[in-house]
Structure formats: structure tokens, C-alpha cells
Amino acid sequence: GTGIIQKITDRLGIPLTIAVVSIPVVAAAFVVHSRWNSQEMKSESQLMIHKFQNEERDNELTSMPDEILVHIFGFLDRVEEVLAVSRVCHLFREVIRSEEDLWKKLFVNQWPLDIPSALSDNQTWRDFYFQTGEFVCLFLLMFLIVPPLMIAREEKQRLSLVPYKFFLSIHEKNVSEEDAEKWEEEKEKSASNWWKKRFVNNILDSGLSIYLKNGKIINRSNGISVGRYRFVKDNEVRKKFSTERWVSKSSEDPCPFTGSIVGWISFELDENPKISMNEIHEGMRGLCYEARGLIVKIESGYFGFSVILKEFSFLEAFSKFGINDGDALLDGNQGEYLNSILEEGSRILTKKCKEATLNSIVTTHNPLRITTEMSEEELESLKIKIWINDFSAAKRVYQSS
């Protein structure tokens with residue numbers, strides 16, 4: 001028996017094995033439920049009284065007063081015995097059906113912790129006994145069959161998820177603040193699909209070398225399909241790749257300005273896509289920029305983060321052309337993100353007893369500025385950590401072996 005179960009486990013996995021092994025138990029519970037409804041339970045008592053069934057007219061017991069029969073039946077302690085006696089003859093069946101004290105005793109013996117203070121109108125103890133029994137059977141059925149079926153369903157989803165070559169996590173806050181209100185309304189309309197619509201829309205409006213349409217990656221310059229994609233729920237990815245390091249890393253030390261993961265996009269390019277290598281790198285960089293998540297190559301397990309916490313000197317962080325001319329900043333507009341950088345910079349200056357004024361301006365370059373009499377050497381010595389876009393992550397992952 002152990003060997004058979006081991007073979008089933010090796011072939012189907014533990015969750016499906018649980019579902020398979022549970023089937024006999026569920027079937028047994030169902031049989032009990034059916035017997036309860038049909039009142040076909042048998043016992044040794046039924047066999048003992050079976051000889052009376054063909055002698056109903058001549059049996060002296062049938063001529064006894066109901067009070068004496070009730071007293072005799074009161075010595076029965078199990079429902080199987082009571083049901084067996086009730087099949088002897090019509091008289092016994094009627095006496096037993098109408099004897100409330102007998103059914104109350106049976107109920108108390110069977111469920112001593114669930115005794116009601118009073119029954120509802122027109123309800124007998126016999127009815128209440130069988131209703132409770134049916135409820136218990138149904139509860140056992142639900143307890144035994146539903147969890148294995150749910151596990152089997154989840155396992156089927158996990159096994160049926162056939163990934164493309166790359167996975168990229170999509171985060172909740174991947175647009176600038178002026179668009180946030182628009183997508184909050186979309187989120188209220190469709191909680192499961194709003195992020196997919198937003199991602200496709202942002203890629204289309206970005207002017208990248210590629211865009212997404214109906215599961216196809218399209219080369220914008222010629223309209224030819226160069227790859228394919230699909231969106232995947234976060235929980236499905238975590239079930240499918242639960243043992244992979246990149247899955248656990250995807251939610252470690254999250255950036256406070258990107259929010260939680262709302263889903264993933266799985267994608268790959270054709271073997272010989274009609275698109276240049278520069279356009280491929282631009283397109284993948286654009287996907288990472290919009291998603292602001294972790295990108296991984298499934299085959300190798302090599303991954304990188306689109307958003308990282310990087311250390312800069314004050315000289316670079318607060319100069320006109322610093323932080324990649326400001327392009328690496330998560331958001332160049334005035335708001336929570338820039339304010340957090342200014343607050344952290346001011347905290348560092350205070351700690352170092354340095355006098356300077358930090359502010360942000362509206363510009364096409366780096367908006368972070370510093371006004372101070374400190375030398376470049378002093379500014380270079382001061383360090384600050386800033387969350388930025390890592391534009392090289394996509395290229396590294398794509399070229400990994």
C-alpha cells in the first residue's frame with residue numbers, strides 16, 4: 001500500500017495525492033449520509049428481531065399496551081437498534097415515531113454538547129435528530145472533499161502555467177501622480193484587470209520601439225509581430241515558481257514609491273524577430289520602466305531589479321546633469337518622491353553640521369538643487385541613497401546565459 005501511494009505521489013504531487021486518497025473517505029461519508037436518509041441502518045438487534053417480521057399477527061408483543069412498549073423501547077440506546085425494531089411491524093413503527101422521550105435520549109447520547117434549550121414549533125425530537133445527523137454528514141463531506149478539490153484545482157493551475165522566456169513584475173504605482181486618479185477610477189471598475197489595461201496603455205503612449213496588442217508584441221516601425229506576451233496573476237506565479245530564489249526576492253525590501261506587485265507579464269521574442277538589437281534593448285528597457293519590478297530570465301533564473309536604491313554623492317545628486325540628467329529619477333515632478341529626497345538630504349546635512357539649502361525646480365534636467373558655500377570636495381564626501389530606475393537591468397537579463 002505504501003509503495004502504491006509513493007508512486008501516485010511521485011506522479012501527481014502531494015496535493016493531487018491528497019485529493020485521490022480522500023475519495024474513499026468521502027465515499028464512506030456519503031454512504032453514511034444515504035443510509036441516514038433511507039433509514040436502512042442495520043445492527044445485531046435487527047437480526048435478533050427479524051424472526052418476528054413474518055409473525056406480526058400472532059406475536060404477543062403486538063397486543064401489548066403502548067405504555068408497556070414505550071417502557072421496553074426505552075432500554076434501546078442506539079439509533080440502529082431503534083430503527084431495526086421499528087421495522088418489525090406497523091405498530092412498533094408508529095410507537096417509536098411518536099415517542100419523544102426516546103428520540104430525545106438518542107439525541108443526547110449522540111450529541112451531548114449540542115442539546116437545544118427548546119425545539120421550534122411543529123418540530124419533533126425525531127426530526128431534529130435526523131436533521132442534525134444530515135448536517136453532520138454534509139459537514140464531513142464538505143470538510144473532506146472541498147479542501148482536496150481546492151488543492152487539486154490550484155495544482156492544476158500551477159502545472160498549466162506555461163511561461164514565456166521572461167517574467168516581469170508590475171507594480172501598483174508605476175505612473176506619475178497626475179495619472180493616479182484616473183487609474184484609481186479604473187481600479188474601482190475592474191479590480192482584476194485595471195493594471196493590465198494601464199500597462200498596455202502606457203506602453204502604447206510611450207513612443208517605444210514596440211507596443212502590446214492582443215497578446216502580441218508589435219514592432220512600431222513596421223507593424224509586424226515580433227513576440228508574444230500574457231499577463232499572469234501574482235499568486236499563480238508564486239505557486240508555479242515557489243522554490244525559485246527570484247520569487248522570494250521580488251517582494252524583499254520593496255521600494256516605497258512603487259507599491260506592491262499587482263501582477264506579472266510573461267513575454268518572449270521570436271527566434272529571429274524583425275527588429276534591431278537596439279530596438280529590442282529599448283523596448284525591454286521601456287517595459288521595465290513602466291512595470292518598475294523584477295525581471296527574470298526563466299531558463300537561467302538570472303534576474304535584476306528595474307528600481308534600485310543607489311548611493312550618490314551630494315555633488316552628483318544635486319547637480320543639473322546628475323542622476324543621468326534626472327532621467328533615472330522615478331518621478332521628476334514635484335511630489336512625495338522628490339520631497340523624500342530633500343528631507344533625507346536635509347537630515348544628512350544637519351547630522352554633519354553642514355549649512356546648505358536643498359530644493360527642487362521645474363526643468364528638463366535633474367530637478368534637485370543645492371545652494372551652499374561648500375566646496376566640491378565636501379559635496380563629494382557627503383553621500384545619500386536614492387531610489388532610481390536601473391535602465392541596465394533589462395539588458396543584463398536579456399543577455400544572460
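Student: In which helix of this model is N324 found?

Tutor: The model is a predicted one. The phi angle of N324 is near 60 degrees, a positive value in a residue other than glycine. The element that holds N324 is helix 15.

Student: Does N324 count as buried, partly exposed or exposed?

Tutor: Buried residues lie under 20% relative accessible area and exposed ones over 50%. N324 has a relative accessibility of 46%, so N324 counts as partly exposed.
The class of N324 is therefore partly exposed.

Student: Is I323 buried or exposed?

Tutor: The cut-off for a buried residue is a relative accessible area under 20%. The relative accessibility of I323 is 1%. I323 therefore counts as buried.

Student: How many helices and strands does the protein chain have?

Tutor: The protein chain consists of 401 residues, of which 40% count as buried. Among its contacts with a separation of 6 or more, 71% join residues 24 or more positions apart. The elements of the protein chain are 18 helices and 11 strands.

Student: Which residues touch the most other members of the largest nonpolar core?

Tutor: In soluble globular proteins, nonpolar side chains tend to be buried together. The largest nonpolar core in this model has 29 residues. Those that touch the most other members are L168, F199, L212, I217, I265, F267 and L287.

Student: Which element gives the largest share of this core?

Tutor: Elements that give two or more residues to the core include strand 1 (166–171), helix 10 (194–205), strand 5 (261–269) and helix 13 (277–291). The largest share is 5 residues, and the element that gives it is helix 13.

Student: How many residues are in the other core, which lies apart from this one?

Tutor: C255, V307, F312 and F318 are among the members of that other core. Its number of residues is 27.

Student: How do helix 10 and helix 13 lie relative to each other?

Tutor: The two helices pack at an angle of about 135 degrees, with their axes 10 Å apart. Angles from 65 to 115 degrees count as roughly perpendicular and those over 145 as roughly antiparallel. The angle of this pair therefore makes helix 10 and helix 13 oblique.

Student: Which residues make the contact between helix 10 and helix 13?

Tutor: The crossing of helix 10 and helix 13 is right-handed. By class, their contact has 4 nonpolar, 2 polar and 1 charged residues. Helix 10 contributes F199, N202 and I203, and helix 13 contributes G286, L287, E290 and A291.

Student: With which residues is H281 in contact, leaving aside its neighbours within four places in sequence?

Tutor: H281 has its place in helix 13. H281 has a relative accessible area of 15%, so this residue is buried. With close sequence neighbours left aside, the residues in contact with H281 are K395, Y398 and Q399.

Student: What distance separates the C-alpha atoms of Y211 and G283?

Tutor: Y211 has its place in strand 2. Leaving aside neighbours within four places in sequence, Y211 is in contact with residues including I203, L204 and I217. Y211 and G283 are 72 residues apart along the chain, and their C-alpha atoms are separated by 8.3 Å.

Student: Which residues does S313 touch, not counting those up to four places away in sequence?

Tutor: S313 is found in strand 8, residues 307–313. Its relative accessible area is 6%, so S313 is buried. The residues that S313 touches are L379, E380, L382 and K383.

Student: Are helix 4 and helix 6 roughly parallel or roughly perpendicular to each other?

Tutor: The axes of helix 4 (residues 66–73) and helix 6 (residues 90–98) come within 10 Å and cross at roughly 70 degrees. Angles from 65 to 115 degrees belong to one class. Helix 4 and helix 6 are therefore roughly perpendicular.

Technical notes: Residues numbered from 1 in each chain as written. Predicted model: local features only at pLDDT ≥ 70, side-chain atom pairs only at ≥ 80, totals over all residues. Heavy atoms only, no water. Core = buried A, V, L, I, M, F, W, Y, C linked by side-chain atoms within 4.5 Å. Buried < 20%, exposed > 50% of the residue type's maximum accessible area, 1.4 Å probe, protein only. Helix = DSSP H or I, 4+ residues; strand = E, 2+ residues; numbered from the N terminus. Contact = heavy atoms within 4.5 Å. Axes fitted to C-alpha atoms, helices over the stretch in contact; angles between N-to-C directions. Parallel < 35°, antiparallel > 145°, perpendicular 65-115°, else oblique. Left-handed = near helix turned anticlockwise from the far one by under 90°. Nonpolar A, V, L, I, M, F, W, Y, C, P; charged D, E, K, R; others polar.
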